[in-house]
Amino acid sequence: MTYDAIVLAGGAARRLGGADKPALHVGGRALLDRVLDACTDAGTTVVVGGRRPTSRPVRWTREDPPGSGPVAALDAGLRQTTAELVLVLSADLPFLDRATVRALLDSAGGEGALLRDPTGRDQPLVAAYRAEPLRREIALLATEHGGLSGLPLRALTAELDLAKVTDTAPLASFDCDTWDDLAAARARIREHGSVLDQWINAVKTELGIDLAVDTKTLLDLARDAAHGVARPAAPLTTFLVGYAAAQAEATGTDPATAVAEASRKAADLALRWAAEAEAEAEQNGSG
């Protein structure tokens, strides 16, 4: 599905004391980079706001005048896009994922689709819009009000026929408007049930790896190496598995298959190593 993405990153962040909100980190990565990672397959990605380093190339623009509000910012971003379908996101969504983006795009059959959060609130900055009706309504608002400065997004979305998407990750629309929000996001990302997935996703992004990781298989391998050989063998073994999988991929093997096969071979070796040690211990004990 072809689409362009617009990320609004130019707000004043008054409740954060004017801090550069998109550059604040959650889980070791800037909020803006986390949002950009959720829409990597966009044809064109436009960020409306001041230029700053980003994890991937984007097109920059500003609303005129700067600070004139979300509708003016959306209009500025829309002028830089050509796709019939436009994903619109705020730059402060630490838990937005690709599955949520895909659900929005798949649901935008009429004039668009927006996310409805678990509290029942509609999120116009976590949405996919059809470009033509969006441009139409922006033009009508500009004519009616003599411009777009200061207009709220609800003045725009109220005139559009938008589907509501609810079946997504519960934190997909969690945004960081205050320091308390930021602290909560940083705490949530380290929760026991999700920290491994969050860490692996962050490392894959940092290293430029797009690979489905079978966490259980690798952890089982690390356990077998640690118990059957020695504790330092765990990280070294998983590193060697990754290296072997990369070599196999270079010859045309599917990456996930290469990791699974290398893990199986290493795990079998660790179990044989442990079996020998147990047999020797039993022999010495009986002697």
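Colleague: In what order do the strands of the open sheet stand?

Modeller: Start with the general idea: strands of a sheet pair through backbone hydrogen bonds, either parallel or antiparallel. In this predicted model, seven strands make up an open sheet, and reading across gives the order 5-4-1-6-8-7-9 with mixed pairing. Strand 5 (59–61) and strand 9 (163–165) are the edges; each has a single partner strand, so one side of each lacks a neighbour in the sheet. On average, neighbouring strands here are turned by 25° against each other, direction ignored.

Colleague: How many bridges join strand 4 to strand 5?

Modeller: Three bridges connect strand 4 (residues 45–48) with strand 5, and the two run parallel. To find one of them in the viewer, pick V47: its bridge partner in strand 5 is W60.

Colleague: Thanks! Which strands does helix 2 lie across?

Modeller: Helix 2 (residues 70–78) lies across strand 1 (4–8), strand 4, strand 5 and strand 6 (85–90). Helix 2 runs at about 145° to strand 1. Now look at helix 3 (residues 98–107), which lies across strand 6, strand 7 (112–116), strand 8 (122–130) and strand 9. Its angle to strand 7 is about 140°.

Colleague: Now for helix pairs. At roughly what angle do the axes of helix 2 and helix 4 cross?

Modeller: Two packed helices are described by the angle between their axes and the distance between the axes. For helix 2 and helix 4 (residues 131–145), the axes come within 11 Å and cross at roughly 130°. The two helices are therefore oblique to each other. Their crossing is left-handed. Helix 2 contributes L74, D75 and L78 to the contact, and helix 4 contributes L134, R135 and I138. Sorted by class, these residues are four nonpolar, no polar and two charged.

Colleague: Let me try the next pair. Is the crossing of helix 8 and helix 9 left-handed or right-handed?

Modeller: Helix 8 passes helix 9 in a right-handed crossing. The axes of helix 8 (residues 215–228) and helix 9 (residues 233–250) come within 8 Å, crossing at roughly 135°. These helices, too, are therefore oblique to each other. On the helix 8 side, L218, L221, A222, A225 and A226 make the contact, and on the helix 9 side A233, A234, T237, T238 and V241 do. By class, the contact has eight nonpolar residues, two polar and no charged.

Methods: Residues numbered from 1 in each chain as written. Predicted model: local features only at pLDDT ≥ 70, side-chain atom pairs only at ≥ 80, totals over all residues. Heavy atoms only, no water. Pairing = 2+ DSSP bridges. Helix = DSSP H or I, 4+ residues; strand = E, 2+ residues; numbered from the N terminus. Axes fitted to C-alpha atoms, helices over the stretch in contact; angles between N-to-C directions. Contact = heavy atoms within 4.5 Å. Parallel < 35°, antiparallel > 145°, perpendicular 65-115°, else oblique. Left-handed = near helix turned anticlockwise from the far one by under 90°. Nonpolar A, V, L, I, M, F, W, Y, C, P; charged D, E, K, R; others polar.
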